Amino acid sequence: MTVRAVRGATQIDADDRDQILEATTELVSEVMARNELTTDDVISVIFTVTPDLTAEFPALAARKLGFHEVPLLCATEIGVPGALPRVIRLMAHIATDRPRSDVQHVYLRGATALRLDIAQ
């Protein structure tokens, strides 16, 4: 097994607790499905949000999905002028036999603009 990192992001319409939880649930679920992962494969997950999102911790959505034994961390992105607003990002560290080129990064909703080269 090798440790790999999986990136992902999504965008929401407003700083709303339910939107943060719904979008994070969708993002984490897509990362897990596209990479054929279980929570046992996940070493840790770092979530970040843009400074305009404060209504809830994205990690709560992962806990509700069963990430009870996975270390989770939330942080705020730096406030770069002109950056895409209301974005939730994740970087998951996973144990996998997949080569780096087979790891599926997931960019959803408006966050596809962040990585047009790999967005689905």
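**Salt bridges**

Modeller: Arg34 is partly exposed, with 26% relative accessible area, where buried means under 20%, exposed over 50% and partly exposed in between (1.4 Å probe, protein chains only). This is a predicted model, in which local features need pLDDT of at least 70 and side-chain atom pairs count only at pLDDT 80 or more, while totals for chains, interfaces and linings use all residues. Residues are numbered from 1 along each chain as its sequence is written, and side-chain values use heavy atoms, with hydrogens and water left out.

The partner of Arg34 is Glu30, and their side chains form a salt bridge at 2.8 Å, N to O, that is, a side-chain nitrogen of Lys or Arg within 4 Å of a carboxyl oxygen of Asp or Glu.

In all, the structure holds six salt bridges. Another of them joins Arg17 to Glu56 at 2.6 Å, N to O; Arg17 lies in helix 1 (residues 17-34) and Glu56 in the loop between strand 2 (42-49) and helix 2 (59-64), so this pair ties together parts 39 residues apart in sequence. Arg17 is partly exposed at 36% relative accessibility, whereas Glu56, at 19%, counts as buried.

Arg98 and Glu36 also meet in a salt bridge, at 3.6 Å, N to O, with Arg98 in the loop between strand 4 (87-96) and strand 5 (106-107) and Glu36 in the loop between helix 1 and strand 2, so that parts 62 residues apart in sequence are tied together. Glu36 is exposed, at 66% relative accessibility. Finally, a network of salt bridges links Glu22, Glu26 and Arg109.

Technical notes: Helix = DSSP H or I, 4+ residues; strand = E, 2+ residues; numbered from the N terminus.
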